[in-house]
Amino acid sequence: MKKLILTLLCLICLTPAVWAERIFNVLEYGAKGDGRTDDATAIQKAIDACTQAGGGQVLLPTGHTFMAGPIELKSNIDLHLDVNATLLANPNEDIYCLSAFGENRGEGMMWLWCKDIENLSITGRGTIDGNGIAFMGKELGDSYELKPLVDPKFDPRPHVLTLMGVKHLTIRDVTIRQGAYWTVHLVGCYDALIEGISLLNSLKIRNGDGIDLDHSKKVRIANCFIESGDDCICLKNRREYETYGPCQDITVTNCVMTGRSCAIKIGSENMDSISHVVISDCVIKASNRGLGIQNRDEGTVTDVIFSNIIMDCHYFSDVWWGKSEPVYVTSYPRAIGNHKDAGWRFPKGATEGKCGEVSRIYFNNITCVGENGCFVGGDVPGKVHDIHFSNIDLRVVKKTDYEGGRYDLRPRVGEGFIPAPKEEPIHVECAENVTKNNIRYEYAR
């Protein structure tokens with residue numbers, strides 16, 4: 001017994017020292033934390049030392065602002081931002097040259113990134129600041145202009161987090177703000193948890209997606225607050241990363257969101273399959289579109305449940321996709337030339353695309369006050385089918401001065417907008433087996 005007690009006492013005494021050895025304070029690796037000096041080299045040294053030692057915590061201590069250019073994250077580290085610590089993106093566009101989409105250099109660069117690693121966490125009560133407005137042009141009514149590009153196939157705007165091929169990923173508690181492009185982009189990740197974060201982007205920054213799940217699996221998003229220009233949460237399968245396979249087994253729960261495009265979207269990029277998705281118990285406020293499936297490529301979307309969601313939707317300018325549709329389920333071939341480098345939108349060698357099946361989609365217990373009705377449609381019979389609505393409460397009220405009376409079908413071949421029939425809660429166009437049970441509707445224009 002005495003031997004056991006002595007052993008336990010030794011372990012208790014040693015524990016603080018062991019913990020201390022596992023904390024890699026970036027100040028000890030040369031970081032200044034003055035908000036003016038680029039600390040990327042020092043932070044990278046701390047990350048490298050941590051992973052080489054077998055793992056631990058890379059600490060950004062409280063009271064400092066660490067401005068930095070691109071940083072590569074590594075396996076077995078916890079990047080921990082203390083309360084009142086900030087990691088700030090360097091506003092110098094010239095230092096961002098690592099593409100967020102491989103050979104496609106026309107849709108932003110990487111700032112904080114990694115590829116094919118494991119056991120990564122990003123935690124703490126500090127802030128990751130993408131310095132987004134520094135990369136924008138002049139301010140317009142409900143958006144910023146994009147700066148003219150010297151080369152139309154090279155956009156220097158940095159994505160905040162580009163995490164590729166990570167196994168066992170946790171992002172918890174941190175505040176992530178002011179992304180200049182996509183903010184949290186998970187590519188081919190497996191077993192990921194995003195919990196309790198505040199993601200606070202400017203609502204005027206175009207392409208300012210909140211969380212993008214791209215070819216990822218076994219992902220849980222919970223208890224988050226997201227404000228984002230463009231989509232708040234988006235599931236997709238980009239062509240540049242097709243080797244990672246489908247996007248599936250996703251849950252989103254207990255989140256509060258505001259967005260300029262679609263609060264929760266599936267698509268538009270989808271060259272594989274998206275399936276087995278549950279989105280529940282969320283609040284969507286002051287957003288354009290609420291829940292959207294926007295299939296524009298050959299991939300399929302199946303077996304998705306949306307439930308227990310309350311929404312407030314209204315119009316914004318045509319800069320943003322959507323016309324206050326609370327629910328939007330579509331599959332149309334992608335418009336040719338809807339992007340500055342449309343070649344990346346179609347299969348290699350193709351000049352046009354096709355769209356895949358959307359089926360077995362369920363909407364249960366949805367309440368919305370907005371400026372438009374719901375829309376379900378496809379390009380040919382049978383493409384969109386088995387879409388089920390149950391317990392839907394929709395009140396249409398004109399709230400803004402923007403032009404109404406339209407559904408937005410962009411980006412599709414043909415007309416981007418079509419008339420929205422008045423006093424119709426769910427408009428169906430070329431879709432099969434769309435069921436409606438207990439629909440309560442008030443048209444108050």
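Which residue in strand 21 is the bridge partner of Ala-222? In strand 21, that partner is Thr-253, and the surrounding pairings are set out below. This is a predicted model, in which local features need pLDDT of at least 70 and side-chain atom pairs count only at pLDDT 80 or more, while totals for chains, interfaces and linings use all residues. Residues are numbered from 1 along each chain as its sequence is written, and side-chain values use heavy atoms, with hydrogens and water left out.

**Parallel strand pairing**

- Strands are DSSP runs of E with at least two residues, numbered from the N terminus, and two of them pair if DSSP finds at least two bridges between them.
- Strand 12 (residues 167-172) runs parallel to strand 15 (residues 190-195), with five bridges between them, and Thr-170 has Leu-193 of strand 15 as its bridge partner.
- Strand 15 also pairs with strand 18 in the parallel sense, over five bridges, and here Leu-193 stands opposite Arg-220.
- Strand 18 (residues 217-222) is in turn joined by five bridges to strand 21 (residues 247-253), the two running parallel.
- Strand 21 is joined to strand 24 (residues 273-287) by six bridges, again in parallel, and Thr-253 stands opposite Ser-280 of strand 24.

- Asn-104 lies in strand 8 (residues 104-115) and is buried, with a relative accessible area of 0%, where buried means under 20% with a 1.4 Å probe and protein chains only.
- The side chains of Asn-104 and Glu-107 are joined by a polar contact of 2.8 Å, a term for a pair of N or O atoms within 3.5 Å, of which, within protein, one must be able to donate a hydrogen and the other to accept it, and residues adjacent in sequence count only if both atoms are side-chain atoms.

Technical notes. Helix = DSSP H or I, 4+ residues; strand = E, 2+ residues; numbered from the N terminus. Buried < 20%, exposed > 50% of the residue type's maximum accessible area, 1.4 Å probe, protein only.
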